[in-house]
Amino acid sequence: MRLVIMGPPGAGKGTQAAVIAEAFTIPHISTGAIFRANVGEGTELGQEAKGYMDRGEYVPDSVVNNMVQHRLAEPDTENGFLLDGYPRTVDQLHELNRMLGDAGHPLERALEITVNTEEVVQRLLKRAETEGRADDTEEVIRRRMEVYATETEPLTALYSDQGILVKVDGMGSIDEVSARILAALRG
Ligand code: AMP
C-alpha cells in the first residue's frame with residue numbers, strides 16, 4: 001500500500017497515520033517529524049528548516065523533495081509507505097509522481113481527512129499546551145491554516161482527477177475516525 005495522508009493542521013493526521021501504518025505494516029514517514037528531529041540534532045538540514053517552521057511557512061520544495069527522495073530510497077519502503085505531511089505543494093505532488101512513476105510504483109491512495117476549522121483550532125491549542133511545539137502559538141496556527149488552504153488544499157482536486165482520492169470525515173473520537181479510515185482504505 002502506497003499512500004499519502006492529507007488534511008489541515010490539527011486534523012489528526014499524525015495520530016491516524018500511526019494507526020494506518022500499523023494496520024498495513026508500512027513505514028510512517030512524516031516530513032514534519034524528520035524536520036523536527038533534524039532541528040533537535042542541530043543538523044544542516046535542521047538549521048535550514050527551522051526558520052520556516054517557526055513562522056508556520058513551508059520549507060522550500062527543493063529541500064523537502066530531496067529529503068523525501070532519499071527517504072523513499074530506503075529498503076523499508078519496498079512494500080509500501082504512508083507519507084504524512086508530503087506532498088504539500090503542486091510542485092511536490094508532481095515531484096512525488098515522478099519519483100514513484102520512475103520506479104514503476106505509483107501512488108495508490110490519497111487520503112484526505114476533513115474537519116471543521118473551529119475543532120482544528122481547539123485541537124491545536126490543546127496540543128500547544130501538552131507538547132509545547134514552537135509552531136503551535138495561536139498566530140502561527142492561523143498562518144499554518146492559511147498556508148494549507150492556499151498551497152495544499154488544491155492538491156486534493158489533482159488526486160481526485162487521478163482517481164485515487166479517498167475522503168474521510170475526521171470529526172469524532174480517535175477510534176471512530178480510525179475505523180472510518182480503515183474501512184475506506186480496505187473497501
Ligand atoms: P507537520 O508536522 O507536518 O505539521 O510539519 C511541521 C512543519 O514542517 C511545517 O509547518 C513546515 O514548516 C515543515 N514541513 C513539513 N513537511 C513539509 C512539506 N512537505 N513541505 C514544506 N514544509 C514542510
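Following the sequence, the order of elements is β-α-β-α-α-α-β-α-β-α-α-α-β-α, which comes to nine helices and five strands. Here helices (H or I, at least four residues) and strands (E, at least two) are DSSP runs, numbered from the N terminus.

This is a predicted model, in which local features need pLDDT of at least 70, side-chain atom pairs count only at pLDDT 80 or more, and totals for chains, interfaces and linings use all residues. Residues are numbered from 1 along each chain as its sequence is written, and side-chain values use heavy atoms, with hydrogens and water left out.

Let us look at the overall form. The C-alpha trace spans about 40 × 40 × 30 Å along its principal axes. Of contacts (heavy atoms within 4.5 Å) between residues at least 6 apart in sequence, 73% link residues at least 24 apart.

Some values for the whole chain are these:

| Property | Value |
|---|---|
| Buried share of the 187 residues | 43% |

Buried means under 20% relative accessible area, exposed over 50%, and partly exposed in between (1.4 Å probe, protein chains only).

Now for one residue. Proline 154 sits in the loop between α7 (138-152) and α8 (155-162). With a relative accessible area of 36%, proline 154 is partly exposed. Proline 154 lies 31 residues from arginine 123 in sequence, and their C-alpha atoms are 23 Å apart in space.
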